[in-house]
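Here are a few notes to read alongside the structure. Have it open and find each residue as you go.

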Amino acid sequence: MEVSIMERQSRTAANRDFSLLRSWLQSSKKVIPLRKHSFLFQEGMPANELYLILSGKVQVSKICPDGKEMCFRICGSGEIVGELTLFTDDPRYLLTAKVIEPGEAAVMNKNELEEQLLINPTLTLEYMRWISKHARRTQTKFRDLIMNGKKGALYSTLIRLCNSYGVPLEDGSIFIDLTLKNQDLANFCGTTRESVNRMLNALKQDGIISMKRGKITVHDLNYLKAEIQCEDCPADICCIE
């Protein structure tokens with residue numbers, strides 16, 4: 001199934017669901033620069049702040065005990081980063097957020113957020129819905145990895161990239177307008193770069209995808225979806241953010 005204009009409008013509408021939360025974060029007087037390869041926060045650090053990406057891109061991931069990186073999402077402009085453990089003593093970040101494209105982010109302190117949530121029920125509802133949506137996105141990613149293995153993880157990652165960064169072409173193909181190395185894809189799939197290389201080469205030989213200058217074009221999205229028995233989740237859930 002192609003990424004249609006209707007799906008893109010659906011995702012835009014879904015983003016507006018959290019307009020109050022985003023507006024409140026954007027009102028912060030603290031704006032920080034995002035420098036490439038720097039960290040917004042790292043796993044285990046005190047969780048004191050919530051971030052709204054104003055420009056640039058941030059990769060959210062977890063470092064496994066064996067040193068491998070498991071990437072969960074790539075956040076761009078308008079995305080919120082820094083799921084906090086609120087109303088607890090000594091909260092810690094559970095994931096790591098690394099800047100992969102320079103930009104800026106608005107920053108809000110945890111204590112300020114807690115105060116607003118206590119007095120503003122509308123903001124509280126939006127925050128709860130935002131947390132719930134991210135939990136659902138994460139659950140579907142783990143489902144694809146567990147139920148379909150490494151190949152399924154790669155195929156579902158390509159589908160999510162199409163939904164998030166796909167540009168429909170005249171021939172029905174979808175151009176993924178995001179530069180990713182094979183190691184980046186491997187991090188999304190919880191596997192090695194060599195395994196991803198083999199799977200991508202097989203897809204290229206079969207004409208399912210093509211690659212040029214680090215960007216992927218998907219020529220047969222239906223094939224990828226059929227291989228993992230895709231459930232056609234809404235585009236705002238089946239995405240890379």
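1. Before we start, one term: two residues are in contact when heavy atoms of theirs lie within 4.5 Å. Also keep in mind that this is a predicted model.

2. Let's begin with Thr192. You'll find Thr192 in the loop between α5 (182–189) and α6 (193–205). Setting aside residues up to four places away in sequence, Thr192 touches Lys68 and Ala186. Its side chain also makes a polar contact, at 3.0 Å, with the side chain of Ser195.

3. For a sense of distance, Thr192 and Asn182 sit 10 residues apart in sequence, and their C-alpha atoms are 9.1 Å apart in space.

4. Now look at Thr96, in strand β6 (residues 96–109). Thr96 has a relative accessible area of 8%, so it is called buried. Which residues does Thr96 contact, leaving aside neighbours within four places in sequence? They are Phe39, Phe41, Gln42, Glu43, Gln59, Val60 and Ser61.

5. Last stop, the surface. Ile119 belongs to helix α3 (residues 110–119) and is exposed, with a relative accessible area of 63%. Together with Phe87 and Leu118, Ile119 makes a nonpolar surface patch of about 370 Å².

Conventions
Residues are numbered from 1 along each chain as its sequence is written. This is a predicted model: local features need pLDDT of at least 70, side-chain atom pairs count only at pLDDT 80 or more; totals for chains, interfaces and linings use all residues. Side-chain values use heavy atoms; hydrogens and water are left out. Helices (H or I, at least four residues) and strands (E, at least two) are DSSP runs, numbered from the N terminus. A polar contact is a pair of N or O atoms within 3.5 Å; within protein, one must be able to donate a hydrogen and the other to accept it, and residues adjacent in sequence count only if both atoms are side-chain atoms. Patches are made of residues with over 30% relative accessible area and no salt bridge: like charges are joined within 9 Å, nonpolar side chains (Val, Leu, Ile, Met, Phe, Trp, Tyr) within 5 Å. Accessible areas come from the Shrake-Rupley method with a 1.4 Å probe; for residues, only the protein chains shown count as cover. A salt bridge is a side-chain nitrogen of Lys or Arg within 4 Å of a carboxyl oxygen of Asp or Glu. Buried means under 20% relative accessible area, exposed over 50%, partly exposed in between (1.4 Å probe, protein chains only).
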